[in-house]
Amino acid sequence: QVQLVESGGGLVQAGGSLRLSCEASGRIRRLNNMAWYRQAPGKQRELVAAITSGGSRNYADSVKGRFTISRDNAKNTVALQMNSLKPEDTAVYYCNADVQGILAYGNYWGQGTQVTVSS
């Protein structure tokens, strides 16, 4: 099977930075689109940033210019560098990936990592 494991969340003051990482492991042939989503209390999960296998990126308007998504195809990882954090960025952040596995194709989620930004 395939697992996505996030790390790097925590508590930070407004204006600060955090870097989230996600590593995919298991019976992987190829990782296609990878993305970060977030879900704040009482709100729907939303796309934060996405990156294709070729490196094309797109961002939610609310994070453009502050967040940067990157990936390392050799290590099966995706990262989210978050700068100039705001209290409204507080949420559980989830890694997501489209995976061509050894036997099947699927979409997978990580367990989530909490990001809390204090004012």
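1. Let me start with L20. Setting aside neighbours within four places in sequence, L20 is in contact (heavy atoms within 4.5 Å) with S7, G8, G9, W36, V78, A79, L80, M82, Y93, T113 and V115. L20 lies in strand β3; strands here are DSSP runs of E with at least two residues, helices are runs of H or I with at least four, and both are numbered from the N terminus. With a relative accessibility of 0%, L20 counts as buried, where buried means under 20% relative accessible area, exposed over 50% and partly exposed in between, using a 1.4 Å probe and protein chains only.

2. The model is predicted, so local features need pLDDT of at least 70 and side-chain atom pairs count only at pLDDT 80 or more, while totals for chains, interfaces and linings use all residues. Residues are numbered from 1 along each chain as its sequence is written, and side-chain values use heavy atoms, leaving out hydrogens and water.

3. Now the overall fold. The chain has 11 strands and 0 helices, so the pattern along the sequence is β-β-β-β-β-β-β-β-β-β-β. Of the contacts between residues at least 6 apart in sequence, 55% join residues at least 24 apart.

4. Along the principal axes, the C-alpha atoms fill a box of roughly 45 × 25 × 20 Å.

5. Of its 30 residues, W36, V48, F67, V78, L80, M82 and Y93 touch the most other members. Two or more residues come from each of β1 (2-7), β3 (18-26), β4 (28-39), β5 (46-51), β7 (67-72), β8 (77-82), β9 (91-101) and β11 (113-118). The biggest contribution is from β9, with 5 residues. In soluble globular proteins, nonpolar side chains tend to be buried together.

6. On burial and surface: buried residues make up 40% of the 119 residues. The accessible surface is about 6,300 Å², with 45% belonging to carbon and sulfur atoms; areas come from the Shrake-Rupley method with a 1.4 Å probe, and for residues only the protein chains shown count as cover.

7. Two backbone angles deserve a look. Most residues other than glycine have a negative phi. N76, in the loop between β7 and β8, has a positive phi of about 55° although it is not a glycine. S84, in the loop between β8 and β9, likewise is not a glycine and has a positive phi of about 50°. Both are partly exposed, N76 with a relative accessible area of 22% and S84 with 41%.

8. Finally, Q44. Is Q44 buried or exposed? Q44 is exposed, at 71% relative accessible area, and sits in the loop between β4 and β5. Beyond its neighbours within four places in sequence, Q44 is in contact with R38 and Q39.

Note on methods:
A nonpolar core is a set of buried Ala, Val, Leu, Ile, Met, Phe, Trp, Tyr and Cys residues joined through side-chain atoms within 4.5 Å.
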